[in-house]
Amino acid sequence: MSEPVYLDYQSARPVDPRVVEAMLPYFTELFGNPAALHEVGDRAETALEESRAKVAAFIGAQPEEIVFTSGATESANLALSGFASRNRRAGDHVVISEVEHISQHNIAKALEKSGFRVGKVPPDQFGRVNPEKLRARIADDTILVSVGWASNEIGTVQPIDDLASMLHGTGVAFHVDAVAAEGLLPMDMSTVPVDLLTLSSNDIYGPQGVGALFVRHGVRIAPVLLGGGQERGLRSGTENLAGIVGMGEAARIAAEELPAEASRLSAMRDQLIAAVLETIPDSHLNGHPTERLPNNAHFRFDGIEGESLLLSMKDEGVSVSTGSACSSKTLEPSHTLISCGLLHEEAHGSLEFTFGRFSRDEDVDRVMDVLPGVVDRLRRLSPLYKTD
């Protein structure tokens, strides 16, 4: 049997060996607590701040604007819940897009339970948020807007520059979930007026269990975890030093390699999209045809379910996804695809391919060796697929 092919980089990425090498000393001889007032602690604090500077440089921020967390979910909670709690006197209205990651929707539900009102902006058929539609949702008591830089499912990239420019000067803070886009698209907080930005370590080939939140100078948020006051009092708890060192090194590598890597990935993406649409009848590309992540190809196939496709591809040694891994345990169709106007049966027939740093051109060939046959076999078994 051929070597397994992994094309689910959106759900998890391996840690880059260069990152592992940078982390290893911090599990043993460089194990100190950054808060300790001795030489070992000083050495740990130096490593912590060097890593903070690397993450800041990755997104064009200042080191003091970076707060380390346990991952993107905690960063998003700190951004949304922390900002809403700290600024409640200014208003109780929060706006998100309908195509946000499920974690953002769940945070929004929690805000509603605590008395906030949450408005949602629908996307167009490609999953893009129109700045004018967002503007129409802004009220006098709106304090925060949250929009993901790109969809982790369909790959559509949002017009973040336009959205940020529209909100700038209104008094409404702008949070962006950058997890799906980091390391794939350039980000520069020195030129884009975003107030809060969520980052994940593993999505740039760093270790899992580490994340960061960019908090622009002057933006005030309340902590969601209380304790010893680490990270300027915004995220208490002894820092995961080895993990943070890994995230810092991953950010440095990602910044250096982004242009070439984005070009390489987009070539594989485009090759797969063209091959699938030309070879497999009644196949469709989900998401925007051009404004999409360089590593994302998301399809739907008439007459069959995505879960059957995924399991059949698994049997062929190809690991793919039907959408967000965080909501894959539910039988409900993707809220992102439904928001784009697809019917439930259309949304159920989707399959997502995401390429990454260790993908090869041969992976596309392998997919096309097995996918057409899988689709044909499942359609012949399906009462939902009608042929002329």
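# Reading strands, faces and surfaces

Tutor: Three strands make an open sheet here, in the order β9-β10-β12, and their pairing is antiparallel. The edge strands, β9 (283–285) and β12 (350–354), each pair on one side only. From one strand to the next, the twist averages 25°. This is a predicted model, where local features need pLDDT of at least 70, side-chain atom pairs count only at pLDDT 80 or more, and totals for chains, interfaces and linings use all residues. Residues are numbered from 1 along each chain as its sequence is written, and side-chain values use heavy atoms, with hydrogens and water left out.

Student: What counts as a strand, and when do two strands pair?

Tutor: Strands (E, at least two residues) and helices (H or I, at least four) are DSSP runs, numbered from the N terminus. Two strands pair if DSSP finds at least two bridges between them. Take β9 and β10 (residues 296–301): they pair in the antiparallel sense over 3 bridges. H284 stands opposite R300 in β10.

Student: Which helix lies across β10 and β12?

Tutor: Helix α8 (residues 306–315) does, running at about 45° to β12. Axes are lines fitted to C-alpha atoms, for helices over the stretch in contact (heavy atoms within 4.5 Å). Angles run from 0 to 180 degrees between N-to-C directions.

Student: How do I read the two faces of a strand?

Tutor: In a regular strand the side chains alternate between the two faces of the sheet. Now look at β7 (residues 196–200). L196, T198 and S200 are on one side, L197 and L199 on the other, and all are buried. Buried means under 20% relative accessible area, exposed over 50%, partly exposed in between (1.4 Å probe, protein chains only).

Student: Which strands pair with β7?

Tutor: Strand β6 (residues 173–177) pairs with β7 in the parallel sense over 3 bridges. D177 stands opposite T198 in β7. Strand β8 (residues 211–215) pairs with β7 in the antiparallel sense over 5 bridges. L196 stands opposite V215 in β8.

Student: Is R52 buried or exposed?

Tutor: R52 has a relative accessible area of 8%, so R52 is buried. R52 lies in helix α2. Leaving aside neighbours within four places in sequence, R52 is in contact with P63, I66, V67, F68 and E231.

Student: Why does F27 count as exposed?

Tutor: F27 counts as exposed because its relative accessibility is 53%. F27 lies in the loop between α1 (17–23) and α2 (39–58).
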